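Welcome! Here is a short tour of a protein model and its ligand, with a few backbone details at the end.

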Amino acid sequence: MQINGLSLIGSSTGALGDSSFNAIDPSTAKEIEPPFYAASADETNKAADLAQNAFLHYSQKTGAERAAFLRAIADQIEALGDTLTQRAMAETGLPEGRIQGETGRTTGQLRLFATVAEEGSWVEARIDTALPDRQPIPKPDIRSMKRPLGPVAVFAASNFPLAFSVAGGDTASALASGCPVIVKAHSSHPGTSELVGQAILAAIAETGMPEGTFSLLHGSGRVVGSALVTHPAIQAVGFTGSTAGGTALMKLASSRPQPIPVYAEMGSVNPVFILPGAAASNGPGLASGLQVSATMGVGQFCTNPGVVLVESSKTGNAIVSSFTEEMSKAPSAIMLNPGIHSAYTGGVASRSGNEKVNTLVVNDDDGVGCPGVAAVFEVSADTFLEDESLSEEIFGPETTLVRWNTKEDLLAVAEELEGQLTATIHGTDEDLENYADLVAILERKVGRIVYNGFPTGVEVCPSMVHGGPFPATSDGRSTSVGTHAIERFIRLVAYQSSPQSLLPNELKDGNPSGIMRMVNGEYSR
Ligand code: NAP
């Protein structure tokens, strides 16, 4: 497949517009051909209108038909082979193994949502049959299920050019539920986005899905993205990126004449709590595991451990010195794009300039392209509690160690934390018993609690929660990874006293879809 640099508006391509940009190779900071043309206002409107029309038909497709479509997308992405791998590597600086692994994660995710759509119980059908003789008034027949919301705008992430991008989790879950998708491509990997967009269009043609089920728009978030979110056809937004970007979209979506939900996954420092027993029994293992987690993917993961609580004790000091030593040996590596690189170096410079902060490591870079170097800072729990800037994410391979003296210090820091995607506790059985109140605090603060492990690595499976209270996400009731992600793009509809012929199959007598349903309060197939 060839990259044309044009938006994909249903089955047509956008025009060569006035405004264009090139992807940048972050290993050289040089432009990559070809130029990409921003979608015009007319093209954005056309994509939204097509999606609205497509919704009428796509939402009526059976789960098996949507499953075949999702599987065809996965097959088409795999067929892109090395063309996709090479382009993604050039646009992101990520190594071949990572891109191949992420391609597998993306196609695996699409196939997982295909099984969810095909199996069908996700609609949570409930049936309460009529009681015409009930006194004092008869009870009507009421049946309800989840129905798709309508066209969804997806803002692709920079740090997962495939798995959280054009055919990533937001798109897969929206398509599985019956919602058409319009993706605002991330400007840092437009060629990768276009290749995957073409794969989705090929799958639409192969499986006979309506035109407008998918479109891809290039261009600036503030112009093209804002026009998309404010278009009346759009009924929900999926986003992964910065707090500034996510909150700007929340504001836009809530100020529309018809406000719509925004599911934004934003910043997180993913605190790690090291309890005394674990520090004493596994200090060196903890220090090296932490270093691997903190530098994985040049620290550009939303689950990167940015804040680590270590006791001010002999065993705590040993962990700090091993971790510092390992981080000081971590080689500099290429970050995703010049914007992320400059935000990272600015964040590191500002924290090392904070006189209340002890700078333990800021490695030298090799000066080529967009190099990210490991950084480690140390502060007392009191300082951390006083200075809000210390709990802000520095997106990259940076960790701030917070030294605590008493259990009260530790609990005060936990209580002060804003919403987070994850929190990790390293503790022996005895620690976990002694610090049970820590778990109770964290349950209110985070989407996922990890015991004796590390937060990076988010398994795609039915029970995963990749969410958390604001500001980790815009809506702490949701997840953007795992099959619960489908619930972001639905609404409940009840049918009262409906004729059988007008009911969706999922709600008909005799259960023709064979799904799990609640009938008069009892689950059955
Ligand atoms: P970003 O700047 O938030 O951009 C993400 C997407 O949203 C892009 O398509 C962008 O458009 C669009 N956008 C941004 N601001 C917007 C606005 N005001 N109105 C409409 N659309 C808007 O995120 P990024 O480029 O991926 O990375 C920048 C920073 O975000 C990083 O340094 C890091 O701090 C954070 N980040 C966090 C995560 C996470 O998982 N939590 C992941 C990635 C990045 P453009 O194409 O015009 O930029």
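## Around the ligand

Among the 23 residues around the ligand, those that come nearest are S158, K184, S187, S242 and M266; a residue counts as near if one of its heavy atoms lies within 4 Å of the molecule. Please keep in mind that this is a predicted model, where local features need pLDDT of at least 70, side-chain atom pairs count only at pLDDT 80 or more, and totals for chains, interfaces and linings use all residues. Residues are numbered from 1 along each chain as its sequence is written, and side-chain values use heavy atoms, with hydrogens and water left out.

By residue class, the shell holds 8 nonpolar, 12 polar and 3 charged residues. Here Ala, Val, Leu, Ile, Met, Phe, Trp, Tyr, Cys and Pro count as nonpolar, Asp, Glu, Lys and Arg as charged, and the others, Gly among them, as polar.

## Polar contacts and cover

G221 uses its backbone instead, with an N or O atom 2.7 Å from a ligand oxygen. A polar contact is a pair of N or O atoms within 3.5 Å.

On its own, the ligand has 860 Å² of accessible area, and the protein covers 84% of this (Shrake-Rupley method, 1.4 Å probe).

## Elements and domains

Which elements give two or more residues to the shell around the ligand? They are α6 (221-230), β10 (236-240) and α7 (243-254), with helices (H or I, at least four residues) and strands (E, at least two) taken as DSSP runs numbered from the N terminus.

The ligand lies between domain 1 (8-125 + 145-266 + 476-489) and domain 2 (272-451), because both give residues to its shell. The domain bounds come from an automatic or database domain assignment.

## Backbone details

Q135 and P136 are joined by a cis peptide bond with omega of about 5 degrees, and P136 is in the loop between β5 (125-128) and β6 (142-148). Another cis peptide bond, with omega of about 5 degrees, joins F470 and P471; P471 is in the loop between β20 (446-451) and β21 (490-496).

How values were computed: A polar contact is a pair of N or O atoms within 3.5 Å; within protein, one must be able to donate a hydrogen and the other to accept it, and residues adjacent in sequence count only if both atoms are side-chain atoms.
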